[in-house]
Structures are given as C-alpha cells and as structure tokens.
Amino acid sequence: MQGLNEDVVRELLDKTGSIIKNHETFVNETGANYNIFEIADIDDKETTVCRILADLLSPAGRHGRKGAYLELFLHDCLKINLDTDEINKAQVYREYSTDKGRKIDIVIEVGGRFIPIEVKIYAREGDVQCYDYFQFAKSRDAKAKVVYLTLNGHFPSEYSAKELSENDILPISFAVDVLNWLEKCIALPETENKAPVREILIQFSQTIKKHTNQLEDKPKMEMLELLSESQQNMRNAKAVHGVFEACRAKIIKDFFNAIEEGIKNDIGLERESAVSHDYIANERFVNDFKYPGFNYIVGRFQDMDIIFRFEIDNNLFVGFGLAKNGERVNNSNIINSDEVLSLFEGVKKGQNSWWTAWDYIYFDNNKIDFKHYNDNYFKLFDSDKFIEIVESTIEQAKTTLGKLKSCHTLK
C-alpha cells in the first residue's frame, strides 16, 4: 500500500459515506424504500418468488394483461417466438409434479412446448434434480430444455445436472434476464395505466436489484465520479476493496467465537470440532466454504450423532441434522424419517436432505445478512450492538434447542 495516507483514505470513506447518507435521506423522504417484499420478509423466499413469477407469466394472472408479459419473457429470455393467440392460450403451473413425485417450480405449456423452470435463489440443489426434470420434460416435448433461473445465471452443478449439457439446460439470471424483462413489462402502456400492477413490478425489480448487488443509478454514478477524480482516490478505493472480504471473514470469526463462548457459559455445550464443515480461523472460508458454521453433538440416533448447528448461508440460522463418522448426513429419507422426527417437539416432515429442523436468527425483527450486508450486518461492527446481537442469538438458539426432547450433552 505504498503511497497511501490513512487520513486521505478516511476522507474518501467519509465522502462515499455522505453520498450513501444523502441517498438514504432521499429514499426515506420519497418512500422509495417502502418495499412490501422486504417488509413481509419474503424477498428471498423461493416459493413466494415462484408464485409471483408464475402469476406474471400466466395469461390468466391477476395482473389482467393476458399474455403480454409471457410474450416478452418467451421472446427475450427464452428466445421463443409464438403468435399472440397461442400465447394467450398458454397454461402456467406452479409446483408441477413429475412421475417421480418431484415438484418443478414453474411449468409453461404453450404452442405444443413444455417448458420447465427451476428457480434457485439461495437453496441448495437437489440430487440429480435438473437431470430428472429434463428426462420428464423430454417425455412431454422432444425439444424441451430445463430453464435454470438463478441470481447470476450459472449452470447447475454436476450433482444436479449429472451428464446434461448446454444443449439440455438453459441458464438465465435474475440479475440480467429477469430484470430486463421486468423493465420492459413496466414500460408497456397497459402497465403504465395500471398503478397497482406497475408499483408491484417496480418493487419486485428493486428487490432483485438488492439481491444481485446492483446499486441504484444515482449513488453509483456519484461514487464513480468521486473515485475517478484522481489516481489517489482510485488507489485508496483499491486498498479498501482489498481488505473488505478479510473484514467480513474476521467479523464472522469473532461472532462465531462469541456465540460459542456464550453457549458454553449459558447452556453448557462444548463445540464439536470432529464434524465436518466447521468454520476456519481466517478469510479462506469466504471463497472456499459456501456455508461456514459450527456444530454441537446433542444426542444419538442409531449409529449417528444428532448435531445442533449454527450456519450462515446468506443469513445466520440454527438447526438440527445428523452426522456419521464426522461427516454430515445428506439424506432426506433419514433426516425426515418418522423415527428422527419423533425425537423432536412440534417438528413436521420436510423435504430438506440436510436438516430436520431449523430457524433463522433475527435481531430487531430482521435477519443478519452476511452476503448482502443489511443493517444488522453493519451493526456487528458496533461493539455494543455486537453484544446485543450475540445475546439475542443465544436466546433464540435456546428456543430452537428446546425442540429436541432429550439433549444428552446438557449439564
């Protein structure tokens, strides 16, 4: 960092902070921050997002625009051109059942085409999930591809796709494809004249921008102008960028250590380091570990350990799973078997292959978002708030732990 001056770096941070503060003042005064998806805490729920998408795509949707939105989606996102009459007759389904009992998020049947859409925001992929969907779709439509909709448009892993190729799967993204589609939907005359529909589309678009890390234009442009003023500003920005992920890793490490200490003192549990996928003591897990966390062994089921685990996907949560010989068990038939569920109070059978039960951690009625850096994340860098969040986390963890009828490692 040769040539960098601490005071100059601090001045740059102050200036960028002023830009953000001015923008926050503006959106608060205008109500631009009032987003029903975030208020209802449904902005990252895949089930809810699929419901919204399916209704927008359906000619029979409550928006009342018939096939106008579907026509744009087919043309712009899927490169499929059909006449308007065919599109207006399209059928759009949610949670379409396959011959193996799996549920495809969205299916469009239009003009003799069978179009399965699998939506992934933060949920893990299922074993051979896309492969099974493709085989089922091909039995309905020889030209079928699986449309794989993710935040950034990546191809599914081999775990889900098996031997499928780019000829079998069409990856599209919320960040580009869906956002561009929504902007065109908003610009349609039939949308502009329907205020309720227009405002929901705008809020949905803003929610996607949040989850794809796309700044609003005004503050972004002001920051670009500020950083472009001099080579020193760019040097300072690069220096700050270089330590940003290290700061994220450090705060997660410190936070986990504080929770661990609190759990030990308040509940009497000792962290179990033998179970795989623990967090590690430096920033490597930011890139190498998708789901940093740590475990406690709290009981036994047959030849497996029942583990109580803190984990970060993008938000912090706690839950129960199984481990065998130090490795997590990934099998929904075991995790959600009647025998395992009978060990817990008030836990119903789910479809997750890693977790029997889990709960998100909240503070001030909001989650702690370690990926998109919400207000609760930044509060962790305030020493007083850090302590409050740790104490709140431990209290919520005790409630979740109480779902296990017998915790053998408690004092």
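**Figure 1. Helix 3 crossing helix 8 in the predicted model.** In this predicted model, helix 3, spanning residues 46–57, and helix 8, spanning residues 174–187, have axes that come within 13 Å and cross at roughly 40 degrees, which makes helix 3 oblique to helix 8. The crossing of these two helices is left-handed. From helix 3, the contact is formed by Val49, Leu53, Leu56 and Leu57, and from helix 8 by Phe174, Trp181 and Leu182. Sorted by class, the contact between helix 3 and helix 8 comprises seven nonpolar residues, with no polar and no charged ones.

**Figure 2. Helix 8 packed with helix 10.** The axes of helix 8 and of helix 10, the latter covering residues 195–211, lie 10 Å apart, and the two helices pack at an angle of about 160 degrees, so helix 8 is roughly antiparallel to helix 10. Their crossing is left-handed. Helix 8 contributes Phe174, Val178, Leu179, Leu182, Glu183, Cys185 and Ile186, while helix 10 contributes Arg198, Leu201, Ile202, Phe204, Ser205, Ile208 and Lys209. This contact of helix 8 with helix 10 holds 10 nonpolar, one polar and three charged residues. Phe174 and Leu182 of helix 8 take part here, and both are also listed in the contact with helix 3.

**Figure 3. Helix 12 crossing helix 17.** Helix 12, made of residues 231–266, and helix 17, made of residues 383–401, approach with their axes within 10 Å and cross at roughly 50 degrees; the two are therefore oblique to each other. The crossing of helix 12 and helix 17 is right-handed. On the helix 12 side, the contact residues are Ile251, Asp254, Phe255, Ala258, Ile259, Gly262, Ile263 and Asp266, and these meet Phe386, Ile389, Val390, Thr393, Ile394, Glu395, Ala397 and Lys398 of helix 17. By class, the contact of helix 12 with helix 17 divides into 10 nonpolar, two polar and four charged residues.

**Figure 4. Buried residues of helix 4 and helix 6.** Helix 4, residues 68–76, is largely enclosed by the rest of the structure, because seven of its nine residues are buried. The buried residues of helix 4 are Ala68, Tyr69, Leu70, Leu72, Phe73, Leu74 and Asp76. Helix 6, residues 129–138, is mostly covered, with eight of its 10 residues buried, namely Gln129, Cys130, Tyr131, Asp132, Tyr133, Phe134, Phe136 and Ala137. The elements against which the buried residues of helix 6 pack are strand 1 (91–97), strand 2 (103–110), strand 3 (113–120), strand 4 (146–150), helix 7 (158–161) and strand 5 (169–173).

**Figure 5. Positive phi at Lys66 and Asn365.** Most residues other than glycine have a negative phi, and most peptide bonds are trans. Lys66, although not a glycine, has a positive phi near 55 degrees; Lys66 is found in the loop between helix 3 and helix 4, where it is exposed with a relative accessible area of 56%. Asn365, which is likewise not a glycine, has a positive phi of about 65 degrees. Asn365 belongs to the loop between strand 11 (362–363) and strand 12, and at 77% relative accessibility this residue counts as exposed.

**Figure 6. Two pairs of residues separated in sequence, Gly17 with Met223 and Lys367 with Asp41.** Gly17 sits in helix 1, which covers residues 6–30, and is partly exposed at a relative accessible area of 33%. Between Gly17 and Met223, which are 206 residues apart in sequence, the C-alpha to C-alpha distance is 9.8 Å. Lys367 is part of strand 12, residues 366–367, and counts as buried because its relative accessibility is 3%, which falls under the 20% cut-off for burial. Lys367 and Asp41 are 326 residues apart in sequence, with their C-alpha atoms 9.0 Å apart in space.

Figure 7. Among the contacts between residues at least 6 apart in sequence, 59% join residues at least 24 apart. The chain exposes about 21,700 Å², of which carbon and sulfur atoms supply 48%.

Technical notes. Residues are numbered from 1 along each chain as its sequence is written. This is a predicted model: local features need pLDDT of at least 70, side-chain atom pairs count only at pLDDT 80 or more; totals for chains, interfaces and linings use all residues. Side-chain values use heavy atoms; hydrogens and water are left out. Axes are lines fitted to C-alpha atoms, for helices over the stretch in contact, and angles run from 0 to 180 degrees between N-to-C directions. Helices (H or I, at least four residues) and strands (E, at least two) are DSSP runs, numbered from the N terminus. Angles under 35 degrees count as roughly parallel, over 145 as roughly antiparallel, 65 to 115 as roughly perpendicular and the rest as oblique. A crossing is left-handed if the near helix is turned anticlockwise from the far one by less than a right angle, and right-handed if clockwise. Contact means heavy atoms within 4.5 Å. Ala, Val, Leu, Ile, Met, Phe, Trp, Tyr, Cys and Pro count as nonpolar, Asp, Glu, Lys and Arg as charged, and the others, Gly among them, as polar. Accessible areas come from the Shrake-Rupley method with a 1.4 Å probe; for residues, only the protein chains shown count as cover. Buried means under 20% relative accessible area, exposed over 50%, partly exposed in between (1.4 Å probe, protein chains only).
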